[in-house]
Amino acid sequence: MSTFLFNKIIFGPVKSRRLGVSLGINLLPVDTKVCSFDCIYCECGLNPGKRENRAVLPGREKVFEDLEIKLKEMIGEGVLPDVITFAGNGEPTLHPGFGGIIEDTIFLRDKYCPEARIAVLSNASKIDNEAVFNALLKVDDNIQKLDSGLEETIRLLDRPNYNFSLKKTVEDLIRFEGKVIIQTMFVKGMFNGTEVDNTTERDVKSWLELLRQIKPQSVMIYTIERDTPFDTLKKVSVADLDRIAALVNDIGIQTQVSG
Ligand code: SF4
């Protein structure tokens with residue numbers, strides 16, 4: 001139940017179960033979550049109600065400056081990141097300067113730690129924006145969320161707060177022509193008196209069909225790790241995650257499972 005917010009623009013490095021030694025970049029405010037989804041499992045908590053003041057996003061120059069300071073500090077300590085990851089308090093591609101910040105990050109990565117990958121963890125809500133789409137094509141790990149093949153499950157689990165269409169999202173994911181990694185959070189339990197379970201045969205079958213169309217380079221399959229806003233949600237067993245991964249492997253797509 002005790003969710004948390006990142007209180008800095010640059011955070012970590014942390015050992016990520018999915019990515020290795022990860023230096024995080026939070027392009028959202030440090031005091032509130034901003035997201036186009038409101039997932040019931042979100043580790044940052046639920047979206048806040050209306051604020052009196054507009055949420056303040058960090059400027060491009062400040063992100064550049066803080067990232068450069070941190071990379072120099074890490075070099076001084078002899079620890080370099082395996083990956084520089086855009087994540088944080090919400091959806092990073094909502095930042096209006098996202099494309100320019102990606103270019104800056106590539107510049108700083110090439111200068112200070114050319115071996116490091118650049119990853120973006122996103123919910124795919126802005127991939128119809130050409131600037132965002134083109135920026136995502138430049139990163140090493142373009143990781144986009146697809147939690148089910150059924151729109152009704154996504155609405156229950158991820159609660160998009162924009163004009164969401166699963167069909168349109170999939171069409172946009174196909175436009176990456178395989179330069180995309182799909183991330184899927186599997187979760188079970190109850191939410192507001194309704195059963196939640198995206199591991200059902202219907203969910204998984206329709207999700208596999210969409211993966212066939214998207215042809216991603218791989219799929220990250222995982223479940224709840226930390227506290228979520230509702231204690232009525234449960235982890236999915238590693239055996240179930242492995243069973244789902246095997247089905248993805250059967251259609252010729254690699255998987256990474258974190259239980
Ligand atoms: S997309 Fe990510 S940040 Fe947004 S609500 Fe879902 S889990 Fe939280």
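**Sheets, pocket and cavity in a predicted model**

Strands β8, β7 and β10 form an open, antiparallel sheet in the order β8-β7-β10. In this sheet β8 (194-197) and β10 (233-234) take the edge positions with a single partner strand each, so one side of each is left without a neighbour. Here strands are DSSP runs of E with at least two residues, numbered from the N terminus, and two strands pair if DSSP finds at least two bridges between them. The model is a predicted one, in which local features need pLDDT of at least 70 and side-chain atom pairs count only at pLDDT 80 or more, while totals for chains, interfaces and linings use all residues. Residues are numbered from 1 along each chain as its sequence is written, and side-chain values use heavy atoms, with hydrogens and water left out.

Strand β9 (residues 218-223) makes parallel pairings. With β6 it pairs over six bridges in the parallel sense, and M185 stands opposite Y222 of β9. Strand β11 (residues 254-258) also pairs with β9 in the parallel sense, over five bridges; there, S218 has Q254 of β11 as its bridge partner. Six of the six residues of β9 are buried, so the strand is largely enclosed by the rest of the structure; buried means under 20% relative accessible area, with a 1.4 Å probe and protein chains only. S218, M220 and Y222 point one way from β9, whereas V219, I221 and T223 point the other way.

A hairpin is formed by β1 and β2, with three residues between the strands. Five bridges join this antiparallel pair, and F11 stands opposite G24 in β2.

Now to the open space in the model. The largest pocket holds about 890 Å³ of space. A pocket is an open set of points on a 1 Å grid over the protein atoms alone, with protein on both sides within 12 Å along at least five of seven lines, and its lining residues have an atom within 4 Å of a point. Grid points are joined across faces, edges and corners, and a volume is the space filled by probe spheres set on the points. Of the 35 lining residues, R18, E43, A87, L121 and R226 are the closest to the pocket centre. Two or more lining residues come from each of β1 (10-16), β2 (20-26), β3 (83-87), β4 (117-122) and β6 (181-186), and β1 gives the most, with four. The lining divides into 16 nonpolar, nine polar and ten charged residues. In this scheme Ala, Val, Leu, Ile, Met, Phe, Trp, Tyr, Cys and Pro count as nonpolar, Asp, Glu, Lys and Arg as charged, and the others, Gly among them, as polar.

What lines the largest cavity? A cavity is a set of grid points where a 1.4 Å probe fits but cannot get out, and the count comes to one cavity of 30 Å³ or more. About 50 Å³ of space lies in the largest cavity. Its lining consists of F37, N123, A124, K145, L146, D147, I154, D158, F164 and T169, which by class are five nonpolar, two polar and three charged residues.

Key:
Buried means under 20% relative accessible area, exposed over 50%, partly exposed in between (1.4 Å probe, protein chains only).
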